Amino acid sequence: MNRKEIPMRKITLTAAVTLLAAPLAAQTAPQVTNDLTVTISPQQYRICNDRPARPTWMDEVHPREAYKALTLMDLYELRAWEQIVETGNCDCDVRFPGWEEASEEFEERYLLASAAEHTAAQRDIRQQRNDLRHAVQDLCEAQGNW
């Protein structure tokens with residue numbers, strides 16, 4: 001076998017693979033249009049589709065400060081679960097209340113906290129939430145909202 005034949009074989013093999021893959025890539029490529037109409041439908045959930053929108057800053061937070069949004073989400077869910085256990089009610093407006101109260105508590109307690117303090121708070125909040133999990137799940141399953 002000649003040394004010049006080896007590179008030629010590699011080039012031929014590469015070309016053959018590329019030509020065979022092109023039709024497959026064309027079939028799976030997304031359709032591109034010039035239509036600027038927004039076609040994104042709202043998020044659909046299995047339960048409680050009329051959930052209140054979370055604070056805008058949570059979607060716009062810098063990735064290095066995403067821990068702040070996580071703390072607020074954890075706090076929001078904990079407070080909702082506490083209400084479910086306290087009232088015995090798992091209606092959508094109890095399970096997914098407005099964000100105002102959790103946001104106010106977050107601003108008072110955690111807004112200026114360090115990342116390490118947020119981590120500790122998240123661990124504590126999640127532990128409290130886990131303590132309520134079985135009671136909340138039982139209530140919400142019985143009411144069809146789990």
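These exercises work through a predicted model of one protein chain.

**Exercise 1. The whole chain**

Find how many helices and strands the protein chain has, and in what order its elements run.

Solution. 
- Step 1: Count the elements. The protein chain has six helices and zero strands.
- Step 2: The order is α-α-α-α-α-α.
- Step 3: Turn to burial. Of the 146 residues, 25% count as buried.
- Step 4: The accessible surface is about 11100 Å². Carbon and sulfur atoms hold 54% of that surface.

**Exercise 2. Helix α3**

Compare the reach of helix α3 with the expected span, then state what its buried residues pack against.

Solution. 
- Step 1: Locate the helix. α3 covers residues 66-87, which is 22 residues.
- Step 2: Take the reach from the first C-alpha to the last. The value is 32 Å.
- Step 3: Compare. At 1.5 Å a residue, 32 Å is expected, and the reach of α3 is close to that.
- Step 4: Pick out buried residues. Among them are Leu 72, Leu 75, Leu 78, Trp 81 and Ile 84. Lys 68 and Asp 74 are also buried.
- Step 5: Find the packing partners. The buried residues of α3 pack against α2 (56-60), α4 (92-95), α5 (100-109) and α6 (115-142).
- Step 6: Check what follows the helix. Gly 88 comes after α3, and its phi is positive, near 70°.

**Exercise 3. Thr 71**

Decide whether Thr 71 is buried or exposed, and name the side chain that it joins in a polar contact.

Solution. 
- Step 1: Thr 71 sits in helix α3.
- Step 2: Apply the cut-off. Buried means under 20% relative accessible area. Thr 71 counts as buried because its relative accessibility is 0%.
- Step 3: Find the polar partner. The side chains of Thr 71 and His 118 are joined by a polar contact of 2.7 Å.
- Step 4: List the contacts, leaving aside neighbours within four places in sequence. Thr 71 is in contact with Phe 106, Tyr 110, His 118, Gln 122 and Ile 125.

**Exercise 4. Gln 122**

Give the helix that holds Gln 122, its burial state and the residues it touches.

Solution. 
- Step 1: Gln 122 lies in helix α6.
- Step 2: Judge burial. Gln 122 has 8% relative accessibility, so this residue counts as buried.
- Step 3: List the contacts, not counting residues up to four places away in sequence. Gln 122 touches Tyr 67, Leu 70, Thr 71 and Asp 74.

Key:
Residues are numbered from 1 along each chain as its sequence is written. This is a predicted model: local features need pLDDT of at least 70, side-chain atom pairs count only at pLDDT 80 or more; totals for chains, interfaces and linings use all residues. Side-chain values use heavy atoms; hydrogens and water are left out. Helices (H or I, at least four residues) and strands (E, at least two) are DSSP runs, numbered from the N terminus. The expected span of a helix is 1.5 Å times one less than its number of residues. Buried means under 20% relative accessible area, exposed over 50%, partly exposed in between (1.4 Å probe, protein chains only). Contact means heavy atoms within 4.5 Å. Accessible areas come from the Shrake-Rupley method with a 1.4 Å probe; for residues, only the protein chains shown count as cover. A polar contact is a pair of N or O atoms within 3.5 Å; within protein, one must be able to donate a hydrogen and the other to accept it, and residues adjacent in sequence count only if both atoms are side-chain atoms.
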